[in-house]
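This report concerns the packing of helices, the nonpolar core and aromatic contacts. Please consult the sequence and the structure shown below while reading.

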Amino acid sequence: MRITVTGVSQLRLPAECVVVTLTTGFTGPRRDEVVAETVRTTDAMRARLQEAIADCRGRDLKLTSLRTWAGAGTDSQGNPGTPQHSAEVRGSVRLDDLSAVGPLLGELAATRGIRVVGLDWQLTEETIAQQQPEVIGEAFRDARQRAGWIAAAAGYRRIEPTSIRDDGAPMFARAMSAPMQRGGSAPQIDLDPADVEVSAHLTVDFETT
């Protein structure tokens, strides 16, 4: 008799680093002023983040090209409004020193034109490499135990694995924090690092004897 079962393994680990997504941008009636102010703010943000990278607190700084658009909208009576020009640069950076995240993001979020969009709490590459064998092994042990129970219920004593299908490499579910919002002059910051869930699924065929 063949028994097919799916073994599952899950564990939760404390976040070790965070990928921060940011934007800089302005809106106004004069395109040249909006673009110039966005460029100045982006340069200042880039310099501040490069300082963090130089201190070995961050890496992987990425910034998009400047994006601009315009729109007029309408007033309450349906009449065309004053044309407004917008400019924006989006970026991200990985911060490895969690103790530095709060002060740095508080500083950036308090700067006019900079918005911290989200925080993606993650594990380091070293931890992922260490945990993958254990997560996969636990998933197989779970499959074997379940197959053994089924075989025993059917009156069989022994089971042997004949095939294994990996239903996806170990998944690292990254916990996202809500965007940081500015309230008055002080930013409201959610900096409670969430645990990262690690899981694996294996479908295993066993033959009974």
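Does F140 count as buried or partly exposed, and at what relative accessibility? In this predicted model, F140 has a relative accessibility of 23% and therefore counts as partly exposed, since burial requires a value under 20%. F206, by contrast, is buried, with a relative accessible area of 0%.

| Residue | Relative accessible area | Class |
|---|---|---|
| F140 | 23% | partly exposed |
| F206 | 0% | buried |

The structure contains 1 aromatic pair. It is formed by F140 and F206, whose rings are tilted, at 6.5 Å centre to centre and with 35 degrees between the planes. Because F140 belongs to helix α3 and F206 to strand β12, the pair ties together parts lying 66 residues apart in sequence.

The largest nonpolar core comprises 34 residues, and V20, L22 and L108 have the most contacts inside it. Elements that each supply at least two residues of this core include β1 (2-13), β2 (17-28), α1 and α3 (125-153). Strand β12 gives the most, with 6 residues. Beyond its neighbours up to four places away in sequence, L22 touches several residues, among them M45, L49, V89 and L108.

Helix α1 (residues 31-54) and helix α2 (residues 98-109) have axes that come within 11 Å and cross at roughly 175 degrees. The two helices are therefore roughly antiparallel. On the α1 side, M45, R48, L49 and A52 meet L104, E107 and L108 of α2. By class, this contact has 5 nonpolar, no polar and 2 charged residues.

How values were computed:
Residues numbered from 1 in each chain as written. Predicted model: local features only at pLDDT ≥ 70, side-chain atom pairs only at ≥ 80, totals over all residues. Heavy atoms only, no water. Axes fitted to C-alpha atoms, helices over the stretch in contact; angles between N-to-C directions. Helix = DSSP H or I, 4+ residues; strand = E, 2+ residues; numbered from the N terminus. Parallel < 35°, antiparallel > 145°, perpendicular 65-115°, else oblique. Contact = heavy atoms within 4.5 Å. Nonpolar A, V, L, I, M, F, W, Y, C, P; charged D, E, K, R; others polar. Core = buried A, V, L, I, M, F, W, Y, C linked by side-chain atoms within 4.5 Å. Buried < 20%, exposed > 50% of the residue type's maximum accessible area, 1.4 Å probe, protein only. Phe/Tyr/Trp six-rings, centres within 6.5 Å; stacked < 30°, edge-to-face > 60°.
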